[in-house]
Amino acid sequence: MKLPRDFFLRSDVVAVARELLGMVLVTHINGEITAGRITETEAYRAPDDRACHAFGNRRTERTEVMFWQGGHAYVYLCYGIHHLFNVVTGVEDEAHAVLIRALEPLEGVEVMRERRFQGKMKSDALLAHGPGALAQAMGLHTRLTGTNMLLPESPVWIEDRGLETREVLISPRIGVDYARECALWPWRFLTLGSRLLTIPSPKDF
DNA sequence: CAAACGATCGGCT
DNA sequence: GCCGATCGTTTGC
């Protein structure tokens, strides 16, 4: 059920990003379980990918966990506000990661609503559509960076529940215009949710 | 030590 | 569609 180490150790991070569609991200944080079916991912790969924080294999305090072996969490603060959740992949010293950008809520939906909207009434389609929103809904925070998701006591992990993945849409990655030619690489993967949540809109392309 | 820069979101026009 | 928020990380002086 829980994805094994070998799934994350592979060196083809683009394939891993594609295969994470349909898998279930689960968190157990502050006594609350939340879970959702992954519907959008992006691959990031050092050393050749200019959009990757570890471009050129440069090691900094922030990006050090990207060089750890596959199965760790890499969570960083974006625009001073948003906590973006990634899964580290590859063997040790391969700085590869998959950004989880959207999911379809499956469990703990009421907890997600409270974390996201604090009681205000909004559409469930906004719960976890977008990487910042997803992290907020799932209770993911930069303090979880470096967590080994393969350990039994980890507060975050990914499961294969045998859910079917339908048609997969592919596009360039979002928000990486600064990455020159790498910005055009088709390393973003999307699929539809089974309950019409997190619907890709035309502006997503 | 100063300053620029985001793998985004939500409110407003 | 446009724009401001907001702050840790990184780099340059």
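# Exercises on a predicted model

Thr-147 touches Gly-71, His-72, Ala-73, Ser-154, Pro-155 and Val-156, leaving aside residues up to four places away in sequence; contact means heavy atoms within 4.5 Å. The model is predicted, so local features need pLDDT of at least 70 and side-chain atom pairs count only at pLDDT 80 or more, while totals for chains, interfaces and linings use all residues. Residues are numbered from 1 along each chain as its sequence is written, chains are lettered from A and ligands numbered from 1 in the order in which they are written, and side-chain values use heavy atoms, with hydrogens and water left out.

## Exercise 1

**Solution.** 
1. Helices (H or I, at least four residues) and strands (E, at least two) are DSSP runs, numbered from the N terminus.
2. Buried means under 20% relative accessible area, exposed over 50%, partly exposed in between (1.4 Å probe, protein chains only).

## Exercise 2

Describe how H3 and H4 pack, and list the residues in contact.

**Solution.** 
1. Helix H3 (residues 109-117) meets helix H4 (residues 131-138) at an angle of about 120°, with axes 7 Å apart. Axes are lines fitted to C-alpha atoms, for helices over the stretch in contact, and angles run from 0 to 180 degrees between N-to-C directions.
2. H3 is therefore oblique to H4. Under 35 degrees is roughly parallel, over 145 roughly antiparallel, 65 to 115 roughly perpendicular, and the rest oblique.
3. H3 contributes Met-112, Arg-115 and Arg-116; H4 contributes Ala-133, Gln-136, Ala-137 and Met-138.

## Exercise 3

Locate Tyr-79 and Arg-180, and give the phi of each.

**Solution.** 
1. Most residues other than glycine have a negative phi, and most peptide bonds are trans.
2. Tyr-79 has a positive phi, near 55°. Tyr-79 lies in the loop between S3 and strand S4 (82-89). Its relative accessible area is 73%, so Tyr-79 is exposed.
3. Arg-180 also has a positive phi, near 50°. Its loop runs between strand S7 (169-171) and strand S8 (188-190). At 54% relative accessibility, Arg-180 is exposed.

## Exercise 4

Which form does the peptide bond from Ala-46 to Pro-47 take, cis or trans?

**Solution.** 
1. Omega is near 5°, and the bond is cis.
2. Pro-47 belongs to the loop between strand S2 (32-45) and strand S3 (73-78).
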